[in-house]
Amino acid sequence: MGKLNRAASIDDLRLQARRHLPRTIFEFIDGGAGGERTLRANRSDLERLTLKPRVAVNVAERRAVVELAGQAAALPLVLGPTGLAGVYWPQGEVAAARAAAAAGIPFCLSTNSVASMEEVAEGAPGGDLWFQLYFLKDEALMDALLERARNSGYRVLCLTLDLAVQGRRDRDIRNAFTIPFRPTLKTVFETAIRPAWFAGFLQSGGVRFGNFEGSLPKQGFMSIAAHIAALCDAGADWDTVARVAAKWDGPVVIKGILSPEDAERAVALGPEAIIVSNHGGRQLDHVPSAAAALPDIVAAVGGRTQVILDGGVYRGTDLIKARAMGAGACMVGRGFLWGLAAGGQAGVARAIDIYREELDIGMALLGQPDFDGIGRDALLTGPEGYPS
Ligand SMILES: Cc1cc2nc3c(=O)[nH]c(=O)nc-3n(C[C@H](O)[C@H](O)[C@H](O)COP(=O)(O)O)c2cc1C
């Protein structure tokens, strides 16, 4: 696909995605909570860090294979859970899971996927599949989801803790974004000028929450915030986390940690990894960026579990910076969704290729042939670099 190969960066894929998607949907992916300060900081705090290259190092062989939640991955990268991916491209979750499987990296399916977990598992055989769970009010429904995930071959359970309620996202409010899409003059116009997207959307059967077929009451037009409020348990606490984690007899990862105190609580449950994340700036604005929160959390964890950085990772060099600050790997959301919306499975494959190539060349030119071996000394300290 010529168009995808012309994308030199994840930012280029984002522009291609913008040309493919109706504006309301593009903004649902692109946007964050409130004035989007945290969303911007996720990016700018990584950008601010400066790498310290060393030359005349033998980098003829480079190694970026890592262990992720107890299993080898070809790259230090996880495709993160993102709701409604099947809206951005027909069978979007299956497409992304297939691209991840082909690249040898994990794919984490969202609770709120369009395709059901069984469809994704069948469509991406051999992949390292993770299932992300929100805490549901309906315990029996939650148990049924866990049972189905186990039976269809999901290896890792990812518990997302930062969604007691949905964040207030200005762009979605302005766009009056609902599920199903409400036909207004604005949305009809947006869709009319995106015929390729609309054709795919129609052919794929529209929006649904595949994991909840038959178990949610039929509803009218509903904002995502209202869907979350109806479904998710704002009363979930650490006892809930411990109880639900204990129901899973495989690796558990805990997503949405932003403070050393919560990292401590999480580590006490013995997870395979914790994910330092503010949900891509989509939950509470004015909380720290993932990159800013990372060093103190790494220090608090002290190697007792793997730490994964999630938020603002759009460059191979971001993977290096995260490793230098002590993360074992990164999770990405929009980075692969832009590829998905630009070109389905091939677009996600292109996004992964971009991360891989940027990482590989970055490691070579930095004089760091082994990803796992990258440490603090790969970053400049002082005003240009890592806080000393
Ligand atoms: C469109 C979209 C939908 C998301 N849906 C979920 C979700 O269902 N569950 C979840 O744990 N995180 C969800 N997230 C957050 C991502 O898993 C991830 O934390 C975030 O995208 C990381 O930031 P990045 O986009 O800068 O990589 C979503 C993010 C986006 C952009």
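Two residues are in contact here if their C-beta atoms, placed from the backbone, lie within 7 Å. The model is predicted: local features need pLDDT of at least 70, side-chain atom pairs count only at pLDDT 80 or more, and totals for chains, interfaces and linings use all residues. Residues are numbered from 1 along each chain as its sequence is written.

**View 1. Helix H16 against helix H17.** Helices (H or I, at least four residues) and strands (E, at least two) are DSSP runs, numbered from the N terminus. Gly316, Thr317, Leu319 and Ile320 of H16 meet Tyr355, Glu357, Glu358, Leu359, Gly362, Met363 and Leu366 of H17. By class, this contact divides into 6 nonpolar, 3 polar and 2 charged residues. For the classes, Ala, Val, Leu, Ile, Met, Phe, Trp, Tyr, Cys and Pro count as nonpolar, Asp, Glu, Lys and Arg as charged, and the others, Gly among them, as polar. H16 (residues 316-324) packs on H17 at an angle of about 60°, with the axes 7 Å apart. That angle makes H16 oblique to H17. Axes are lines fitted to C-alpha atoms, for helices over the stretch in contact, and angles run from 0 to 180 degrees between N-to-C directions. Angles under 35 degrees count as roughly parallel, over 145 as roughly antiparallel, 65 to 115 as roughly perpendicular and the rest as oblique.

**View 2. Helix H6 against helix H17.** H6 (residues 92-103) and H17 pack at about 20°, their axes 8 Å apart. The two helices, H6 and H17, are therefore roughly parallel to each other. Their crossing is left-handed, a term used if the near helix is turned anticlockwise from the far one by less than a right angle, with right-handed used if clockwise. On the H6 side you will find Gly92, Ala95, Ala96, Arg98, Ala99, Ala102 and Ala103, which meet Phe336, Leu340, Gly344, Gln345, Val348, Ala349 and Ile352 of H17. This contact has 10 nonpolar, 3 polar and 1 charged residues.

**View 3. Helix H2 against helix H17.** Here the axes of H2 and H17 come within 10 Å and cross at roughly 165°. H2 and H17 are therefore roughly antiparallel to each other. The crossing of H2 with H17 is right-handed. H2 contributes Ile10, Leu13, Arg14, Gln16, Ala17 and His20, while H17 contributes Gly335, Trp338, Gly339, Ala341, Ala342, Gly347, Arg350, Ala351 and Ile354. Sorted by class, the residues of the H2 and H17 contact are 8 nonpolar, 5 polar and 2 charged.

**View 4. The buried residues of helix H3.** In H3 (residues 23-30), the buried residues are Thr24, Ile25, Phe26, Phe28 and Ile29. A residue is buried if 20 or more other C-beta atoms lie within 10 Å of its own, exposed if 12 or fewer, and partly exposed in between, with C-beta atoms placed from the backbone. The packing partners of these H3 residues are H2 (10-20), H5 (85-88), H9 (170-175), H10 (185-192) and H17 (334-366).

View 5. Surrounding the ligand are 24 residues, and the closest are Ser110, Thr160, Gly280, Gly333 and Arg334. A residue is near a molecule or strand if its C-beta atom, placed from the backbone, lies within 6 Å of it. The shell around the ligand comprises 4 nonpolar, 16 polar and 4 charged residues.

**View 6. Backbone exceptions.** Most residues other than glycine have a negative phi, and most peptide bonds are trans. Ala176 is partly exposed, with 14 other C-beta atoms within 10 Å. Ala56 has a positive phi of about 55° and lies in the loop between H4 (37-48) and strand E1 (66-68). Ala56 is exposed, with 6 other C-beta atoms within 10 Å.

View 7. Asp233 sits in the loop between H12 (224-231) and H13 (238-246). Asp233 and Leu136 are 97 residues apart in sequence, yet 5.1 Å apart in space, C-alpha to C-alpha. Setting aside neighbours within four places in sequence, Asp233 is in contact with Phe135, Leu136 and Lys137. Asp233 is partly exposed, with 15 other C-beta atoms within 10 Å.
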